[in-house]
Each structure stands twice: as structure tokens, then as C-alpha cells.
Amino acid sequence: MPPSDQPEDGEVMATTAPSRPLSPEQQSELGDVFARAQAALEVIEIYDQERVDRLIQAIAWAVANRASFERLVRMGIEESGLGDHDSRMNKRMKIRGVLRDALRSPSVGVIETDAARGLVKYGKPVGIIGCVVPTTNPDLTPAGNAIYAVKARNVVVFSPHPRSRETTFETVRLMREALEAEGAPPDILQCITRPSLAASQEVMRRSDLVIATGGQGLVRAAYRSGTPAYGVGAGNATEFVDETADLQETARNCMLSKTSDFGSGCSADGNVLVPAARYREMLDELENVGGYLASADERAALQRAMWDEDGQRLPGTVAIAPQALARAADFEIDADRRFVVVEGDGIGEDHQFCKEKLTTLMTVHAYEGDFEDGVELAKHLYEIGGKGHSCGIASTDDAHIDYFARHMPVSRIMVRQPNSKANAGSFTNGMPMTSSMGCGTWGGNITSENVSLRHYLNTTWVSRTIAEDRPTDAELFGDFYDAELETAGAVP
């Protein structure tokens, strides 16, 4: 792991007052970066649709081709000490998905027409976007943000995480080269070279829009910056299992979600809720797909390794292989084990294992009673952490899925899918592709949607008159309408 004095993901923006003021060199760089960003904005904002579509293809390919992305993945893992090579390599498919969605949507001129209502909508740039990059996605996040931003004719200033800044520098350099090769100003995309808490705050303050992907300290600071911002809430993805679920399929989905990039994402399954009658069977299936079931003593040792006495998550066990996680707790597991499973000991503020783990550990909880009782337990779990983010349901009962959707305080529910591979968009569902997921007011965010192209656009509505659309009072007020009250006291 990197030195302990390096800020954790999202910790870059954990306070309102920077611990150190901007240095003269940082002040000079920021002034130069934003001046060049403004100049580039004046060029890109007059580009037509064909021009920006070609540009996003160019910058996407510069990063998402196998040779470049593998080099970036290796850089990111070596630099930060976080993540798994094989599953991180799969993230280049996300860049393809973002590009697909962006190419299929208009962003210049007329982007929507509603003749029946006399409305025409025009897409406009938002301006300079400040993008704070998390250490867990130093390559994917800049690429995804750049595609949507350039499609909308914006410019971006990236503020890299100090633990993975070289990887972000290289990602942005590749995209700048692609822009320049197409005759566009490379300054459409820029990256500050002296990242710090103070510098990130200043980037957010000077921008027209902030995209904040990272921990809660980062998101809160983005909202405090005074600049409109899209951020994410805390994750604590949970898979809910009912009596109709195929447990083999469910276990495989949980494994895929949990092991992706060593569980570093906020959408990686942290909890599985299972009917008591199927609990042991579920544990067996999780072992069959690579889980290691920890004993009670090993669970206690894992808690000491993962949280301090005040319940604060310790950074040394974030996003590491299950073998390394076990060693941190002073026991060994076989090399073929892909994640660690602990049995839940309760759901509440004093039960650490029901909270977000961000590593290769999953907690399995049994629920007593019927389906509705299980849903109440799931709701309680989300009050402890992750409210507004995501969950999954393993069920073949449409009535159960409908009930779950109506009652769960989350922004996205994946049905029989691996959460971390599905909720930010995949090629086998219709979720918008993104690396930033809003959690609504539940999670302290302005949107509950996947942050995608439409969030990078201003829109101008043009309205023409239509035939009068005025219902009668009797139609509007229904049974409450009383004609006598309307005529009482009227002047003759």
C-alpha cells in the first residue's frame, strides 16, 4: 500500500479548509489552466455534431485500445497499490459503453422535438467542468467524463488523486494527443500537475460544473464549493434473495460483483440477505464459486484488521486480494479462494460487517419470517449505510420484484445481475453507461440517475403556441368541485 500520509479515495476533499494553502506554483498553474480552458471553450462551443462525434471516437480509442489501457491499468495498480489487473482491464468495455450512449444521442442544436406540446429543445455547453478523479479509477473516470463532456462541447480540468496522479496524467495526455491529431485544441482536456486538497477545492470553485466521483468527503466538499455539482452517495450494495431464487446463479453474480477490482467499487456486493430456510445452502453455493467461509474467531480477527476501535475503516485492507486480507488478520486461505465470507452478527451501527467494506469480503445475513419481513430488514440495513445507492434482488417472482422496487430506498435495483457490473450500465441492460451514480436526496445528491450525457448539457426550451389545453374545473377537481362555491358572491 502507498504511504499512510497519502489521502484515501475521496479524502482529498474531506474538509472545507485546506490543510495547506496553495503554493505560488499551484496558483500560477491554476491561473494558466483555466485561462487555456476558457480559450479552448470558445473554440469547441461552435463545433457541429459531426465534429464532436469524431472527437469523442478519437479520445475514446486513444485510451480504450488494449495496448494503451493495459499500460494504464498496470501504472494505476503499481502507483496506488490498489486493484486487480484482470478485472480492471474489463473496465475498458465501460469506455465503449459510454461512447455508444454518447454517439446515439444528439447534443448540438435541436436535441428533442415535441410537436404536440409545441416544444423544441436545444443542447448547449455547460462550460468548464471540474472533474475530481478517484484513485480507484484513474483511467476510466477521465475517459468517461471526457467523452460526455466533449460530446456536449465542454472543456474539462481534471484534478487527479495524489496516489494515482501519474496514471491520470498519462490518460489525459493520450486524449490530448488524439484531440491535437484531429486539429482540435488539446486544452479541451487538461490535468493539474500539482494535486492537493487545496488545489482540488480551487478547481471546483473556478469551474462551471463539478463531477465528483469519490468518497463522501469529496462529495460534500463539491457541494460546498458554490459550483453546481453532481456527486455520489455512499455505497453498500446488497443482494436480496427470496425463496424463488436460483442460488447457483445468485452466488455466481455475487462473486462477480464482489471480486471485480478486489471489491474497490461502491457497487461491489457487501451484504447478502437470505431466507433462513435457504441460508446454509447459500453459504455452500458461495463456497462453490470461490468464497472462503471464515470461522467466528477469524471473523473477529478480520474486524480488528479492517476497523479501528472507533469503527473507522482502516486503509490497509481496502481493495486487496482475499489472501492478503486473511494475512492481515493473521490467518491463511488457499490460493484458489476469490473472496472471504463472514456470517452476519446483526445489523446496526455497532455491527461493522453490515457496513460498506470496499474489499474482497462479503457478509451473509439470514432473515426470519416471510418476504415482507426480509424487505423490512433490508430497509433497516440501508438506514445504517448505503441509502440511495444500489441493491440487487435474486427472484423470479415479478410480484416480489415490484414490491421490492416500491419499498427500497435506493436509486437502482438490479434483477438477477451482478451489481457492480450492471448498475453503472452494461451491454445486457438499459442502464445509462457511467462511472458516476447519483443517489438522490437519500444519499445527499441532486440526482438519483446515472450521470450521463444529459447531465453535461444546458438546454434551451423554445415554445410555440398550441391549441388551448384547459380542462374544466369539474374535470380538474373531480368530486371536490362545487359549482355553487364558484358562483357564490360573484358580481352580477
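## Salt bridges and parallel strands in a predicted model

Asp32, Arg36, Arg176 and Asp187 are linked in a network of salt bridges (a side-chain nitrogen of Lys or Arg within 4 Å of a carboxyl oxygen of Asp or Glu). The structure holds 24 salt bridges. This is a predicted model, where local features need pLDDT of at least 70 and side-chain atom pairs count only at pLDDT 80 or more, while totals for chains, interfaces and linings use all residues. Residues are numbered from 1 along each chain as its sequence is written, and side-chain values use heavy atoms, leaving out hydrogens and water.

**Salt bridges**

- Asp261 forms a salt bridge with Lys91, with the closest N and O atoms 3.0 Å apart.
- Asp261 sits in the loop between helix 10 (247-259) and strand 9 (271-275), and Lys91 in the loop between helix 4 (85-89) and helix 5 (92-103), so the pair ties together parts that are 170 residues apart in sequence. Helices (H or I, at least four residues) and strands (E, at least two) are DSSP runs, numbered from the N terminus.
- Both Asp261 and Lys91 are buried (buried means under 20% relative accessible area, exposed over 50%, partly exposed in between, with a 1.4 Å probe and protein chains only).
- Lys121 and Glu112 meet through their side chains in a salt bridge of 3.5 Å, N to O. Lys121 is buried at a relative accessible area of 16%, whereas Glu112 is partly exposed at 40%.
- Glu383 forms a salt bridge with Lys387, the closest N and O atoms being 2.9 Å apart. Glu383 is partly exposed at 46%, and Lys387 is partly exposed at 26%.

- An open sheet is formed by 5 strands in the order 5-4-3-6-7, with parallel pairing (two strands pair if DSSP finds at least two bridges between them).
- Its edge strands, strand 5 (189-191) and strand 7 (229-230), each pair on one side only.
- Strand 4 (residues 155-159) pairs with strand 5 over 3 bridges in the parallel sense, and Val157 stands opposite Gln190 in strand 5.
- Helix 1 (residues 24-44) packs on the sheet, touching strand 3 (128-132), strand 4 and strand 5, and its direction makes about 155° with that of strand 4. Contact means heavy atoms within 4.5 Å; axes are lines fitted to C-alpha atoms, for helices over the stretch in contact, and angles run from 0 to 180 degrees between N-to-C directions.
- Helix 9 (residues 216-224) lies across strand 3, strand 6 (209-212) and strand 7, running at about 170° to strand 6.

**Strands 13 and 14**

- Strand 13 (residues 388-394) and strand 14 (residues 410-415) run parallel, joined by 5 bridges.
- Cys391 has Ile413 in strand 14 as its bridge partner.
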